[in-house]
Amino acid sequence: MEAAIDRIMHTYDLLANRSAAASEEARRKVSAYIHTLFEAGERDPHRLTVCGLTYLRQLDGRVDPVKAGYTGL
(Lines give C-alpha, C1' and ligand atoms only; values in the text may rest on other atoms or scores of the structure.)
Protein backbone atom coordinates (compact mmCIF):
# COMPACT_ATOMS: atom_id res chain seq x y z
CA MET A 1 0.00 0.00 0.00
CA GLU A 2 2.82 2.43 0.84
CA ALA A 3 4.57 1.64 -2.43
CA ALA A 4 1.41 2.58 -4.34
CA ILE A 5 1.09 5.85 -2.40
CA ASP A 6 4.74 6.71 -3.06
CA ARG A 7 4.29 5.97 -6.78
CA ILE A 8 1.11 8.08 -6.88
CA MET A 9 2.79 11.06 -5.26
CA HIS A 10 5.93 10.78 -7.37
CA THR A 11 3.91 10.67 -10.58
CA TYR A 12 1.54 13.42 -9.54
CA ASP A 13 4.36 15.69 -8.43
CA LEU A 14 5.79 15.38 -11.95
CA LEU A 15 2.44 16.43 -13.43
CA ALA A 16 1.44 19.22 -11.06
CA ASN A 17 3.49 22.14 -9.83
CA ARG A 18 2.40 22.52 -6.21
CA SER A 19 3.83 23.84 -2.97
CA ALA A 20 5.18 21.47 -0.34
CA ALA A 21 2.13 22.13 1.85
CA ALA A 22 -0.24 21.31 -1.02
CA SER A 23 1.72 18.16 -1.75
CA GLU A 24 1.48 17.03 1.88
CA GLU A 25 -2.27 17.70 1.90
CA ALA A 26 -2.66 15.68 -1.31
CA ARG A 27 -0.61 12.84 0.23
CA ARG A 28 -2.82 12.84 3.31
CA LYS A 29 -6.02 12.70 1.25
CA VAL A 30 -4.81 10.06 -1.20
CA SER A 31 -3.45 7.93 1.66
CA ALA A 32 -6.88 7.88 3.29
CA TYR A 33 -8.49 7.03 -0.04
CA ILE A 34 -6.04 4.22 -0.83
CA HIS A 35 -6.44 2.85 2.70
CA THR A 36 -10.21 2.70 2.11
CA LEU A 37 -9.72 0.82 -1.16
CA PHE A 38 -7.24 -1.54 0.50
CA GLU A 39 -9.65 -2.25 3.35
CA ALA A 40 -12.37 -2.95 0.77
CA GLY A 41 -10.21 -5.70 -0.71
CA GLU A 42 -8.21 -4.07 -3.52
CA ARG A 43 -4.65 -5.43 -3.31
CA ASP A 44 -3.25 -4.82 -6.81
CA PRO A 45 -0.64 -2.03 -6.48
CA HIS A 46 -1.04 -0.98 -10.11
CA ARG A 47 -4.79 -0.61 -9.77
CA LEU A 48 -4.37 1.28 -6.49
CA THR A 49 -1.96 3.64 -8.26
CA VAL A 50 -4.36 4.34 -11.12
CA CYS A 51 -7.25 4.86 -8.70
CA GLY A 52 -5.15 7.22 -6.59
CA LEU A 53 -4.07 9.31 -9.57
CA THR A 54 -7.66 9.51 -10.78
CA TYR A 55 -8.76 10.59 -7.31
CA LEU A 56 -6.19 13.40 -7.20
CA ARG A 57 -7.22 14.60 -10.66
CA GLN A 58 -10.82 14.75 -9.49
CA LEU A 59 -9.79 16.76 -6.42
CA ASP A 60 -7.93 19.23 -8.61
CA GLY A 61 -10.88 19.57 -10.98
CA ARG A 62 -8.92 18.42 -14.01
CA VAL A 63 -11.62 15.91 -14.97
CA ASP A 64 -14.32 18.58 -15.03
CA PRO A 65 -14.27 20.11 -18.54
CA VAL A 66 -15.63 23.45 -17.29
CA LYS A 67 -12.93 23.79 -14.62
CA ALA A 68 -10.32 22.70 -17.17
CA GLY A 69 -11.36 25.59 -19.42
CA TYR A 70 -13.23 23.68 -22.14
CA THR A 71 -15.72 26.01 -23.79
CA GLY A 72 -17.11 23.63 -26.39
CA LEU A 73 -15.92 25.77 -29.27
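Okay, let's start in the middle: the largest nonpolar core here has 12 residues, namely A4, I5, I8, M9, Y12, A16, A26, V30, I34, L48, L53 and L56. Before I go on, a quick reminder that this is a predicted model.

So who supplies that core? Helices α1, α2 and α3 each give at least two residues to it, and α1 has the largest share, with 5 residues. As a bit of background, nonpolar side chains in soluble globular proteins tend to be buried together.

Now let's look at how the helices pack. In general, you describe two packed helices by the angle between their axes and the distance between those axes.

Take α1 and α2 first. Helix α1 covers residues 2-15 and helix α2 covers residues 20-39; their axes come within 10 Å and cross at roughly 140°. Angles over 145 degrees would count as roughly antiparallel, but this pair is oblique. The crossing of α1 past α2 is right-handed. On the α1 side, the contact is made by I5, D6, I8, M9 and D13, and on the α2 side by S23, A26, R27, V30, S31 and I34. Sort those residues by class and you get 6 nonpolar, 2 polar and 3 charged.

Next pair: α1 and α3. Here the angle is about 45° and the axes are 9 Å apart, and α1 and α3 are therefore oblique to each other. From α1, the contact uses A4, R7, I8, M9, T11 and Y12; from α3 it uses P45, H46, L48, T49, G52, L53, L56, R57 and D60. The classes for this contact come out as 8 nonpolar, 4 polar and 3 charged.

Let me zoom in on one residue, L56. Where does L56 sit? You'll find it in helix α3, which spans residues 45-60. Is L56 buried or exposed? Its relative accessible area is 2%, and under 20% counts as buried, so L56 is buried. And what does L56 touch, leaving out residues up to four places away in sequence? The list is I8, M9, Y12, A26 and V30.

While we're at L56, look over at K29 too: these two are 27 residues apart in sequence, yet their C-alpha atoms are 8.5 Å apart in space.

Last stop, V30. Setting aside neighbours within four places in sequence, V30 is in contact with I5, I8, M9, G52, Y55 and L56. And V30 takes us back to where we started, as one of the residues of that core.

How values were computed:
Residues numbered from 1 in each chain as written. Predicted model: local features only at pLDDT ≥ 70, side-chain atom pairs only at ≥ 80, totals over all residues. Heavy atoms only, no water. Axes fitted to C-alpha atoms, helices over the stretch in contact; angles between N-to-C directions. Helix = DSSP H or I, 4+ residues; strand = E, 2+ residues; numbered from the N terminus. Parallel < 35°, antiparallel > 145°, perpendicular 65-115°, else oblique. Left-handed = near helix turned anticlockwise from the far one by under 90°. Contact = heavy atoms within 4.5 Å. Nonpolar A, V, L, I, M, F, W, Y, C, P; charged D, E, K, R; others polar. Buried < 20%, exposed > 50% of the residue type's maximum accessible area, 1.4 Å probe, protein only. Core = buried A, V, L, I, M, F, W, Y, C linked by side-chain atoms within 4.5 Å.
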